[in-house]
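User: I have a structure to look at and some questions about it. Can we go through them one by one?

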Amino acid sequence: MSQHKKFAQIVSDFREFIEDAKLIIHNAEFDVRFLNAELSKLDFPCIDMSNVIDTLSLARRRHPGASNTLDALCQRYGVDSSRREKHGALLDAHLLAEVYAELMGGRQAALSLSVERKVIAQSTEDLLAKRPSPLRPG
């Protein structure tokens, strides 16, 4: 038997966790379509796309014609993705936080300081640690 809970078991906690927060998602249209399908099946309100920031759309506008996968963006912005051996939600969230900061002009090219990257990563970890996660097995 799987140690992980089914979506139907955590959907209330999930909706409470995201509340009305802005969600930063890479390729949001794809992910939100699946989430909304599951939310609809369970008679929960769908995620409003006005509460979603799609980093893929941002990257395509900023770098038209270039590869804008999360891996490509990490490489382009000097975000260390060496720990990313396979797709994992928590690590991808950390990487996406750094990429999003770069997409929003968070670091000036002349000030390529690794200390900034560590501060962003630590801030992300602190925020995630403070917020209860409905996705952890209980």
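Analyst: A salt bridge is a side-chain nitrogen of Lys or Arg within 4 Å of a carboxyl oxygen of Asp or Glu. By this rule the count here comes to one. This is a predicted model, where local features need pLDDT of at least 70 and side-chain atom pairs count only at pLDDT 80 or more, while totals for chains, interfaces and linings use all residues. Residues are numbered from 1 along each chain as its sequence is written, and side-chain values use heavy atoms, leaving out hydrogens and water.

User: Which residue forms a salt bridge with E38, and how far apart are the closest N and O atoms?

Analyst: K41 does, with those atoms 3.2 Å apart. E38 and K41 both lie in helix 2, about one turn apart (helices are DSSP runs of H or I, at least four residues, numbered from the N terminus).

User: Is E38 buried, partly exposed or exposed?

Analyst: E38 is partly exposed, at 32% relative accessible area, and K41 is exposed, at 63%. Buried means under 20%, exposed over 50%, partly exposed in between (1.4 Å probe, protein chains only).

User: New topic. Which residues are in the largest nonpolar core?

Analyst: That core has 12 residues, including L58, L70, C74 and L95. A nonpolar core is a set of buried Ala, Val, Leu, Ile, Met, Phe, Trp, Tyr and Cys residues joined through side-chain atoms within 4.5 Å.

User: Where does the largest share of this core come from?

Analyst: Helix 5 gives the largest share, five residues. Apart from this core lies another, of 11 residues, among them I10 and V52.

Conventions: Helices (H or I, at least four residues) and strands (E, at least two) are DSSP runs, numbered from the N terminus.
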